[in-house]
Amino acid sequence: MCSVTHVAAGALLGSLGEGRLVAFLIGFGSHIPLDMLPHIDFEDFRFDAAVSVVLLAGIYAFSGFSPVLWGALGAVAPDFENLLWKVGVIREEGKIFPTHSGLIKHGKAGNAGSLQTEIAMSLVSAGLVAVALLIGGSSN
Ligand SMILES: [Zn+2]
């Protein structure tokens, strides 16, 4: 799953109001089923990473260190190793997260194929983050 989608899903899970640690753990755990679903990934990982950082910064700006932020951080955290792999810091065999290492089958269906699709996916994710902030955006 692309990172912006993980950020959005984690933010939604964090908005459920279970606290920061639980939000982070639930977000982290959500990465596996989302990676298992057939999905499209962004052609350009840098665009995905940049939009993800913008969404995380937006969540922080609106809610500080809220469970929404912690849910989003937990959900996207496993993709940090994908980023390290894509920039050549670690090798394919160095990945340890189960859906990245091949231990659990990754449900990849292809690449987004167009910038318009990636922008649309980013906007939908941003919308989900906005919903998450409306539901649980307080910083307690
Ligand atoms: Zn992943």
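Two residues are in contact here if their C-beta atoms, placed from the backbone, lie within 7 Å; the exercises below apply to a predicted model.

**Exercise 1.** Determine which residues of H1 meet which residues of H3, and how the two helices are oriented.

*Solution.* Begin with the contacts: on the H1 side they involve Ser-3, Val-4, Val-7 and Ala-11, and on the H3 side Asp-48, Ala-49, Val-51, Ser-52, Leu-55, Leu-56 and Ile-59. Next take the geometry, in which the axes of H1 and H3 come within 8 Å and cross at roughly 25 degrees. Because angles under 35 degrees count as roughly parallel, H1 is roughly parallel to H3.

**Exercise 2.** Locate the largest nonpolar core and describe the surroundings of Ile-59.

*Solution.* The largest nonpolar core has 29 residues, of which Val-7, Ala-8, Ala-11, Ile-59, Ala-72 and Val-129 touch the most other members. Two or more residues are given to this core by each of the helices H1 (3-14), H2 (20-36), H3 (45-63), H4 (67-76) and H7 (115-136). Turning to Ile-59, and leaving aside residues up to four places away in sequence, its contacts are Ala-11, Val-68, Leu-69, Ala-72, Val-129 and Leu-133.

**Exercise 3.** Decide whether Val-89 is buried or exposed.

*Solution.* Val-89 is found in the loop between helix H5 (79-86) and helix H6 (98-101). A residue is exposed if 12 or fewer other C-beta atoms lie within 10 Å of its own; Val-89 has 10 such neighbours and therefore counts as exposed. As a further check on position, its C-alpha atom is separated by 25 Å from that of Gly-27, 62 residues apart along the chain.

Notes
Residues are numbered from 1 along each chain as its sequence is written. This is a predicted model: local features need pLDDT of at least 70, side-chain atom pairs count only at pLDDT 80 or more; totals for chains, interfaces and linings use all residues. A nonpolar core is a set of buried Ala, Val, Leu, Ile, Met, Phe, Trp, Tyr and Cys residues joined through C-beta atoms within 7 Å. A residue is buried if 20 or more other C-beta atoms lie within 10 Å of its own, exposed if 12 or fewer, and partly exposed in between; C-beta atoms are placed from the backbone. Helices (H or I, at least four residues) and strands (E, at least two) are DSSP runs, numbered from the N terminus. Axes are lines fitted to C-alpha atoms, for helices over the stretch in contact, and angles run from 0 to 180 degrees between N-to-C directions. Angles under 35 degrees count as roughly parallel, over 145 as roughly antiparallel, 65 to 115 as roughly perpendicular and the rest as oblique.
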